[in-house]
Amino acid sequence: MDLGDNLSVVFRGVHDLRLEKCPIPVPRDDEVLLKVDSVGICGSDLHLMKNGFLGFWEIKPPLVIGHEAAGTVLEVGRNVTDLKEGDRVVIDTLPRCEKCTCCREGRHNICTHPTLGVDTQVNGCMTRYYTHPAKLCYRLPTAMSLEEAAVVEPLAIGLYACRRGNVRQGSVVLVIGAGSVGLLTLAMSKACGATKVIVTDVSQWRLDKAKELGADFTLKVEPNDPEDLIVRRITSLLDDRPTVSFDCAGFQSTARVAVKATASGGTVVLVGISGKVDMDLPVRDILTREIDIRGCYANVNDFQTAIEMIAAGKINVKTLITHHYQIDDALKAFNVLKDGTGNAIKVLIHPN
């Protein structure tokens with residue numbers, strides 16, 4: 001089979017992304033070879049391009065980037081029995097050792113033997129051909145497109161965030177940050193029964209999308225707005241305080257607003273990652289008003305539920321996909337998302 005070249009998007013350093021032809025990988029016994037159809041650009045990919053960090057980890061170049069991908073199985077390893085050539089799948093790329101206590105308890109997202117770092121980092125899937133463990137590939141329903149599948153991973157994060165925040169019928173929810181994950185956390189909050197959801201962001205067009213996805217209230221803020229003013233505007237619009245607040249931006253200022261706005265006895269879930277390791281939070285509020293602060297890192301076994309919700313029409317992820325680019329134009333795609341050109345929200349790269 002002549003597969004042609006394996007054009008890939010490679011991180012070579014800060015502000016240095018390149019298109020390079022990499023070797024076509026050969027699947028190991030427990031892996032499959034995928035022809036990648038759609039890859040979403042994540043906010044963490046933009047942070048990597050800007051500062052050389054993927055989340056909190058400094059990356060040693062070169063590295064093929066990308067982790068939100070769907071494609072078609074071309075070849076299976078000899079030990080693979082539950083997938084076959086032609087199956088369409090979405091992949092879970094979160095690293096895990098499967099040996100530590102957390103992994104054995106099913107919480108591989110907080111694996112205590114990190115498998116991502118300068119010595120053990122693995123290439124991503126913004127490439128034409130990619131090998132992946134078969135057990136971390138999820139077969140897609142017939143009615144679900146590969147483009148929709150590329151949004152499964154951020155939807156799974158939104159689902160896990162709602163589980164961490166215990167969003168339920170009657171919850172009043174604040175979502176700070178209307179990027180893809182924030183918008184999907186909004187949609188999932190409504191699906192879980194939240195009666196009122198307010199979304200804040202600095203971009204009006206993202207807030208317009210939040211309204212389209214069911215936000216009851218939106219609030220445009222400016223980067224230098226005083227946090228107490230933002231809190232007053234949030235509580236005024238809600239005529240209430242949120243019982244659950246999601247910081248999907250990841251900055252100190254947004255985390256502080258989340259804490260200050262949340263009702264006494266409520267919960268703040270930290271979802272967004274800006275790369276800032278330490279933050280100054282309003283401890284008096286946390287202590288005297290008993291605000292629970294919960295971390296939310298990636299997701300835990302939420303892919304199948306996310307797939308089923310998309311397939312059943314419970315969550316419309318198509319409305320978030322604003323731009324499509326062939327892999328030859330991947331560098332342009334990154335600039336479009338970075339600059340917000342054309343009101344970009346979820347930008348997909350199509351390697352094949």
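User: Which loop is Gly266 found in?
Analyst: This is a predicted model: local features need pLDDT of at least 70, side-chain atom pairs count only at pLDDT 80 or more, and totals for chains, interfaces and linings use all residues. Helices (H or I, at least four residues) and strands (E, at least two) are DSSP runs, numbered from the N terminus. Gly266 falls in the loop between helix H8 (252-261) and E15.

User: Is Gly266 buried or exposed?
Analyst: Buried here means under 20% relative accessible area, exposed means over 50%, and partly exposed is in between (1.4 Å probe, protein chains only). With a relative accessible area of 5%, Gly266 is buried.

User: How far apart are the C-alpha atoms of Gly266 and Val36?
Analyst: Along the chain, Gly266 and Val36 are 230 residues apart. Between their C-alpha atoms, the separation is 42 Å.

User: What does E15 pair with, and over how many bridges?
Analyst: Two strands pair if DSSP finds at least two bridges between them. E15 covers residues 267-270, and its pairing here is in the parallel sense.

User: Which strands are the edge strands of the six-strand sheet?
Analyst: The sheet is open and parallel, ordered E13-E12-E11-E14-E15-E16. Pairing on one side only marks the edge strands: E13 (217-220) and E16 (292-295).

User: What does the twist average from one strand to the next?
Analyst: Axes are lines fitted to C-alpha atoms (for helices, over the stretch in contact), with angles from 0 to 180 degrees between N-to-C directions. In the sheet running E13-E12-E11-E14-E15-E16, the average twist from one strand to the next is 15°.

User: Why is one side of E2 and of E6 left without a neighbour in the sheet?
Analyst: These strands belong to an open antiparallel sheet ordered E2-E1-E6. E2 (16-21) and E6 (63-64) stand at the edges, so one side of each has no neighbour in the sheet: each has a single partner strand.

User: Which residue in E6 stands opposite Val10?
Analyst: E1 (residues 7-13) and E6 pair in the antiparallel sense over two bridges. Opposite Val10 stands Val64.

User: Where is the cis peptide bond, and what is its omega?
Analyst: Most peptide bonds are trans. The cis bond joins Pro61 and Pro62, and Pro62 is in the loop between E5 (57-58) and E6. Its omega is about 5°.

User: How many of the 14 residues of H4 are buried?
Analyst: H4 (residues 152-165) reaches 20 Å from its first C-alpha to its last. That is close to the expected 20 Å, where the expected span is 1.5 Å times one less than the number of residues. H4 is largely enclosed by the rest of the structure, because the buried count is 13 of the 14 residues.

User: What is the positive phi of Ala298?
Analyst: Ala298 is in the loop between E16 and helix H10 (303-311). At 14% relative accessibility, Ala298 counts as buried. Although Ala298 is not a glycine, its phi is about 60°.

Key
Residues numbered from 1 in each chain as written. Heavy atoms only, no water.
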